[in-house]
Amino acid sequence: MNVADEAWMQRALGLAERAEREDDEIPVGAVVVDPGGEVLGEGWNRNITEHDPTAHAEIVAMRQAGRALGNHRLVGCTLFVTLEPCAMCAMAMVHARLARVVYAAADPKTGAAGSVFDLLGDPRHNHRVEVVGGVMAAEAGTRLSNYFRRKRGKPPVS
């Protein structure tokens with residue numbers, strides 16, 4: 001983990017906060033950054049709001065990045081996301097040829113970057129994505145836990 005990864009994850013956490021505050025979505029945020037450190041795309045979960053099962057934060061950010069580049073390939077780019085990607089998002093990352101994914105909280109139920117599945121590291125793919133997990137995991141995990149606690153009428157944890 002490095003200082004730049006933490007800075008970008010802080011930005012993703014801000015997007016996650018917006019997901020919850022503005023749209024009452026599960027607080028997951030994502031940012032796609034090019035090799036030179038420029039933001040190409042960002043987003044947060046929009047699947048409930050948009051009635052779109054594919055509108056996860058990662059997909060929203062990758063779609064923006066693809067439009068910014070004018071290409072479906074995001075070669076050399078890094079995606080920062082506050083929750084470990086699911087299988088759908090992980091395979092989209094492989095197809096996009098992302099260089100890296102950096103995530104905060106692990107997902108013990110559907111994580112596909114090593115927790116439950118390891119789709120990004122599977123040697124059968126013609127492209128593998130470098131994975132860095134656990135960057136600012138406590139902050140992201142607390143935000144996610146408190147979102148679901150609020151939905152269940154339980155007090156927040158700190």
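At 21% relative accessibility, Asp23 counts as partly exposed, because relative accessible area is read here on a scale where buried means under 20%, exposed over 50% and partly exposed in between (1.4 Å probe, protein chains only). The structure is a predicted model, in which local features need pLDDT of at least 70 and side-chain atom pairs count only at pLDDT 80 or more, while totals for chains, interfaces and linings use all residues. Residues are numbered from 1 along each chain as its sequence is written, and side-chain values use heavy atoms, with hydrogens and water left out.

A salt bridge is taken as a side-chain nitrogen of Lys or Arg within 4 Å of a carboxyl oxygen of Asp or Glu, and a search of the whole structure returns 14 of them. In one of these, Asp23 meets the side chain of Arg46, with an N to O distance of 2.5 Å. This pair joins distant parts of the chain, 23 residues apart: Asp23 belongs to helix 1, and Arg46 to the loop between strand 2 (39-44) and helix 2 (57-69). Helices (H or I, at least four residues) and strands (E, at least two) are DSSP runs, numbered from the N terminus.

Arg100 deserves a paragraph of its own. Its side chain forms a salt bridge with that of Asp5 at 2.9 Å, N to O. Here too distant parts of the chain are linked, with Arg100 in strand 4 (residues 100-105) and Asp5 in helix 1 (residues 3-23), 95 residues apart. Both Arg100 and Asp5 are buried; for Arg100 the relative accessibility is 18%. A salt bridge also connects Arg100 with Glu130, at 3.7 Å, N to O. Glu130 sits in strand 5 (residues 130-133), 30 residues from Arg100 in strand 4. With a relative accessible area of 43%, Glu130 is partly exposed. Elsewhere, a network of salt bridges links Glu20, Asp24, Arg143, Arg150 and Lys151.

The N-terminal end is capped by Asn2, where a side-chain oxygen lies 3.0 Å from the backbone nitrogen of Ala4. Just after helix 1, Asp24 adopts a positive phi of about 50 degrees.

The buried residues of helix 1 are Asp5, Trp8, Met9, Ala12, Leu13, Leu15, Ala16, Ala19 and Glu20. They cover an arc of only 160 degrees around the axis, which puts them on the same side of helix 1; the arc is that of the directions from the helix axis to the C-beta atoms. An α-helix has 3.6 residues a turn, so residues three or four places apart point the same way. The exposed residues Val3 and Arg21 are carried by the face of helix 1 turned away from its buried side. The buried residues pack against strand 1 (29-33), strand 2, strand 3 (78-83), strand 4 and helix 4 (137-151), where contact means heavy atoms within 4.5 Å.

At 4% relative accessibility, Leu15 counts as buried. Leaving aside neighbours within four places in sequence, Leu15 is in contact with Gly29, Ala30, Val31, Glu42, Gly43 and Trp44. Ala57 is 42 residues from Leu15 in sequence, with 9.0 Å between the two C-alpha atoms.

Tyr103, in strand 4, is likewise buried, at 8% relative accessibility. Beyond residues up to four places away in sequence, Tyr103 touches several others, including Met9, Val81, Leu83, Ala113, Val131 and Val135. Tyr103 and Val81 are 22 residues apart in sequence and 4.8 Å apart in space, C-alpha to C-alpha.

His127 lies in the loop between strand 4 and strand 5 and is buried, with a relative accessible area of 18%. A polar atom of the His127 side chain lies 2.7 Å from the backbone oxygen of Leu98. Setting aside neighbours within four places in sequence, His127 contacts Val94, Arg97 and Leu98.

Finally, rings of Phe, Tyr and Trp (its six-membered ring) pair if their centres lie within 6.5 Å, with planes under 30 degrees apart counted as stacked, over 60 as edge-to-face and the rest as tilted. The count comes to 2 aromatic pairs. In the pair of Tyr147 and Phe148, the ring centres are 5.1 Å apart and the planes stand at 85 degrees, so the pair is edge-to-face. Tyr147 is buried at 4% relative accessibility, whereas Phe148 is partly exposed at 30%.

Terms used
Polar contact = N/O pair within 3.5 Å; in protein donor to acceptor, adjacent residues only side chain to side chain.
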